[in-house]
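Reader: I have a structure to go through before I set anything up. Can you put it on the screen and take my questions as they come?

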Amino acid sequence: MPSFDTVLEADFVEVKNAVDQVAKEIGTRFDFKGTSASIELKEKDKEITLFGDADFQLQQVEDILRNKMTKRNVDVRFLDIGKVEKIGGDKVKQVVKVRNGIASEDAKKIQQTIKNSKMKVQAAIQGDAVRVTGAKRDDLQAAMALIRSELKELPLGFNNFRD
């Protein structure tokens, strides 16, 4: 029976490359000379930490990060930006999580969208992915289009397409 998986996964190699490019740019930019502006990637937690002297500086680093991610074809909707926190002295930091895996509420939303469409396909939540199965390829392709149009806020991808 034809099927595909709906997933939410960033290309982490490209995320790492983008963070490296941001760190390089911070080191060479004149307006960051002599400041504590920096960026750090924790791969196992899938977190990017931005450091700076003020909120304005964090905003600049975040803009550079978004720019580099876009150039590397990584959707910026994967970034879940946290609150600005004060750390020792007059320095601030901000934690940006890289989304990976569909949250259960979003998976239920995908499942409900497919169910309400009255298409001849079924959606099943499997861990952090949603598997959609149907009798015909055309139905599956229509389901992909429906999911993309209904859930624009999520950077969803489709893989594991089987005939």
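Reader: Start with helix H1. Which of its residues are buried?
Author: In H1, the buried residues are Phe12, Glu14, Val15, Ala18, Val19, Val22 and Ile26. Buried means under 20% relative accessible area, exposed means over 50%, and partly exposed is in between, with a 1.4 Å probe and protein chains only. Helices (H or I, at least four residues) and strands (E, at least two) are DSSP runs, numbered from the N terminus.

Reader: Why are those on the same side of H1?
Author: Because they cover an arc of only 150° around the axis. The arc is that of the directions from the helix axis to the C-beta atoms. An α-helix has 3.6 residues a turn, so residues three or four places apart point the same way.

Reader: Before going on, what kind of model is this, and which cut-offs apply?
Author: It is a predicted model, in which local features need pLDDT of at least 70 and side-chain atom pairs count only at pLDDT 80 or more, while totals for chains, interfaces and linings use all residues. Residues are numbered from 1 along each chain as its sequence is written, and side-chain values use heavy atoms, with hydrogens and water left out.

Reader: Back to H1. What is on the face turned away from the buried side?
Author: That face carries the exposed residues Val13, Lys24 and Thr28.

Reader: And what covers the buried residues?
Author: The cover includes strand E2 (38-42), strand E3 (47-52), helix H2 (55-71) and strand E5 (91-98). Contact means heavy atoms within 4.5 Å.

Reader: Take Val19. What is it in contact with, leaving aside neighbours within four places in sequence?
Author: Val19 is in contact with Ile39, Leu41, Ile48 and Leu65 on that count. Its relative accessible area is 3%. Val19 and Lys68 are 7.8 Å apart in space, C-alpha to C-alpha, and 49 residues apart in sequence.

Reader: How do E2 and E3 run, and how many bridges join them?
Author: They run antiparallel, joined by five bridges. Two strands pair if DSSP finds at least two bridges between them. Glu40 has Thr49 in E3 as its bridge partner. The hairpin has four residues between the strands, and Lys46 there takes a positive phi near 55°.

Reader: Which residues touch the most other members of the largest nonpolar core?
Author: Ile48, Val132 and Ile147, out of 41 residues in that core. A nonpolar core is a set of buried Ala, Val, Leu, Ile, Met, Phe, Trp, Tyr and Cys residues joined through side-chain atoms within 4.5 Å. H1 gives the largest share of this core, six residues.

Reader: New topic, H3. What length does it reach?
Author: H3 has 13 residues and reaches 18 Å from its first C-alpha to its last, close to the 18 Å expected at 1.5 Å a residue. The expected span is 1.5 Å times one less than the number of residues.

Reader: Which residues of H3 are buried, and which are exposed on the other side?
Author: Asp106, Ala107, Ile110, Thr113 and Ile114 are buried. These fall within an arc of 120° seen down the axis of H3, so they line one face of the helix. Glu105, Lys108, Lys115 and Asn116 are exposed on the other side.

Reader: What follows H3?
Author: Lys118 follows H3, with a positive phi near 60°.
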